[in-house]
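Q: I have a model open and would like to go through it piece by piece. Can we start with the terms and then look at the details?

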Amino acid sequence: MVIGGRDPQTGWPADPLGADGWDFRADPRARTAEPPTVDPALFESFEDDDDEADAAWEAALAPSGIMARARAQRADELVAELTLIDAEQARLEARKAIVLAALSAAVGGSSENPVDRLDAPDIAASELAAALRISQRTASAAVAEALIVTDKAWKPVLEAMAAGNLPRRRANVILDAAAPVPPERLEAFAAEAVGIANPPDPDQTLSQGTLKRHLRRLAEKYACEPLSVRKERVSAHRRVDLEPAQDGMCWLSAYLPLEVGAAIDTRLEAISRSLQSPEEHRTINQLRADVLADLLGSDASATAGIGSIEAVTTGDALPSPGPRGGVRTELIVTVPARTLSGDSDSPGEIVGYGAIDASAARILASEAATWTRLFVDPEDGVPLALGRRRYTPTLAMRRFLGARDRTCRFPGCDKPAAAAEADHTREWAEGGTTEADNLALLCAQHHRLKTVGHWDVRHVRSSAPPGGPVPPGTLEWKAPSGRRYLTYPEGDPAPPF
């Protein structure tokens, strides 16, 4: 028995799940049945080259090509089903929030007695905890979230969720980003934030991490207090926490100013990558953990049997000129010229991490070993740069890519620019040039998926898409399922928000 039945035309299972675990390779129909109809559009060359298109047709008409198309078609159907499930979950989460808010009102939230109104959320949470057999803490958090999202100020968020356009995970990013926004400005902030989180063109949908950074910038627009004032207040709560975990391990976390944390993260990455070699079998994550342990707790790490690190750096947490312990670390910080001159307190930004207050930006600028003026197009702010015909990008080009891309350019990936690699979109060995319009930052994992050939990618020229011009650096990705995704450079989102 197979869940979902079978397709009436092909006789193949309509769902891959079930007791017999349908497999193309095990089902004789995949080899003997009439081949599915071949859509010529599916076999057009990625680069629209006639020779490549002919080769694609020949591959499509071969038995192996038919199988590949059938698998890709099935993968596309499953991905489409996942998007429908995600939309339905958003609608259910909106309905749940409305019901929880109504429950709170029913148990005293709508009472004229202030004591009843105060106790109502706890009572509603206790009802939820008892009915679903969950902890009171979990239930209380659910009720609190429901009361927030059903508030009048957050109407755009709830409506987008109810329409299936805004999953709960993205709605929570909006709620979290609104922390510095005063109550009287929440409604306007929510409306603009929903527009960013749920753009009309799905290709312009920002990844989770990129969305956080965009909404934090938006929150500064609506905040009453400048970032520097808020930072001075909350920095008093900086701390380091240790939480024991299973199997004799633990989680170590720190609450620090962003510029300090970004410097620490960048230094860990630089030292760890300097230790990689054919003889080094530790992963980059293991190396980062071992570097941290060696820098801060070498005696304890040696006792615990953690791999030793030979390249040890010393010094304070902030970056300073020159290499440390043979390793050069670099943070890319963008700062408005008026902020540097002291004529403005507009925030700066550490590329790939987020906004920093004007004072911290000036301090980092004063300690920088290298300054790079970044010229942009006066009309749309697009960065301008010149490439050189050589395999390895120049340091200036690498900085330009960091300012343009900010993170790994694979759809949904948020690996910071400092931990990504400059990749030739059209391989150097195949005639690709070392130019800005043939380079993009990719993390090691997605670089490998692209190089091996599981995913295809190309730079989109300004006149290519039917919807109009796109910023330089826009990439079009083609998935194994045949689906296509556009990713825009974070340094210049399209359209500008």
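A: A residue is called exposed when its relative accessible area is over 50%, and buried when that value is under 20%. Keep in mind that this is a predicted model.

Q: Where is Val 240, and is it buried or exposed?
A: Val 240 is in strand β1. Its relative accessible area is 56%, so Val 240 is exposed.

Q: Which nonpolar patch does Val 240 belong to?
A: A surface patch formed by Val 240, Leu 242, Leu 252, Leu 292 and Leu 296, with about 510 Å² of accessible area together.

Q: Step back a bit. How many helices and strands are there in the protein?
A: The protein has 16 helices and 10 strands. Of its 497 residues, 37% are buried.

Q: Now the inside. How many residues are in the largest nonpolar core?
A: It has 39 residues. Those with the most contacts inside this core are Trp 154, Val 157, Leu 166, Ile 174, Phe 189 and Leu 215.

Q: Which helices supply that core?
A: At least two residues each come from α3 (63-109), α4 (114-132), α5 (136-149), α6 (155-162), α7 (168-177), α8 (186-197) and α9 (208-222). The largest share, seven residues, is from α8.

Q: What does Ile 174 touch?
A: Not counting residues up to four places away in sequence, Ile 174 touches Trp 154, Val 157, Leu 166, Phe 189, Ala 193, Val 194, Ala 197 and Leu 215. Apart from this core lies another one, of 11 residues, including Cys 413, Cys 443, Val 457 and Ala 479.

Q: Back to α7. What about Ala 177?
A: Ala 177 is in helix α7 and counts as buried, at 9% relative accessibility. Leaving aside neighbours within four places in sequence, Ala 177 is in contact with Phe 189, Leu 215, Arg 216 and Ala 219.

Q: How far is Ala 177 from Lys 212?
A: C-alpha to C-alpha, Ala 177 and Lys 212 are 7.1 Å apart in space, while in sequence they are 35 residues apart.

Q: How are Arg 74 and Glu 77 placed in helix α3?
A: They are three residues apart in α3, so about one helical turn separates Arg 74 from Glu 77. An α-helix has 3.6 residues a turn, so residues three or four places apart point the same way. Arg 74 counts as buried at 13% relative accessibility, whereas Glu 77 counts as partly exposed at 37%.

Q: Which residue forms a salt bridge with Asp 423?
A: Lys 450, with the closest N and O atoms 3.0 Å apart. Asp 423 lies in strand β6 and Lys 450 in helix α16 (residues 444-452), so the pair ties together parts that are 27 residues apart in sequence.

Q: Are Asp 423 and Lys 450 buried or exposed?
A: Asp 423 is buried, with a relative accessible area of 4%, and Lys 450 is buried too, at 8%. Elsewhere, salt bridges that share partners join Asp 265, Glu 269, Arg 273 and Arg 288 into one network.

Q: What is Asn 438 in contact with?
A: Apart from neighbours within four places in sequence, its contacts are Asp 423, His 424, Thr 425, Arg 426, Gly 432, Thr 433 and His 459. Asn 438 is found in the loop between β6 (421-424) and β7 (439-442) and is buried, with a relative accessible area of 8%.

Q: Last one, which residues of α14 are buried?
A: In helix α14 (residues 358-367) they are Ala 358, Ala 360, Ala 361, Leu 364 and Ala 365. Seen down the axis of α14, these buried residues fall within an arc of 160 degrees, so they line one face of the helix. Their cover includes α10 (227-234), α11 (258-274) and α13 (337-341).

Conventions:
Residues are numbered from 1 along each chain as its sequence is written. This is a predicted model: local features need pLDDT of at least 70, side-chain atom pairs count only at pLDDT 80 or more; totals for chains, interfaces and linings use all residues. Side-chain values use heavy atoms; hydrogens and water are left out. Buried means under 20% relative accessible area, exposed over 50%, partly exposed in between (1.4 Å probe, protein chains only). Helices (H or I, at least four residues) and strands (E, at least two) are DSSP runs, numbered from the N terminus. The arc is that of the directions from the helix axis to the C-beta atoms. Contact means heavy atoms within 4.5 Å. Patches are made of residues with over 30% relative accessible area and no salt bridge: like charges are joined within 9 Å, nonpolar side chains (Val, Leu, Ile, Met, Phe, Trp, Tyr) within 5 Å. Accessible areas come from the Shrake-Rupley method with a 1.4 Å probe; for residues, only the protein chains shown count as cover. A salt bridge is a side-chain nitrogen of Lys or Arg within 4 Å of a carboxyl oxygen of Asp or Glu. A nonpolar core is a set of buried Ala, Val, Leu, Ile, Met, Phe, Trp, Tyr and Cys residues joined through side-chain atoms within 4.5 Å.
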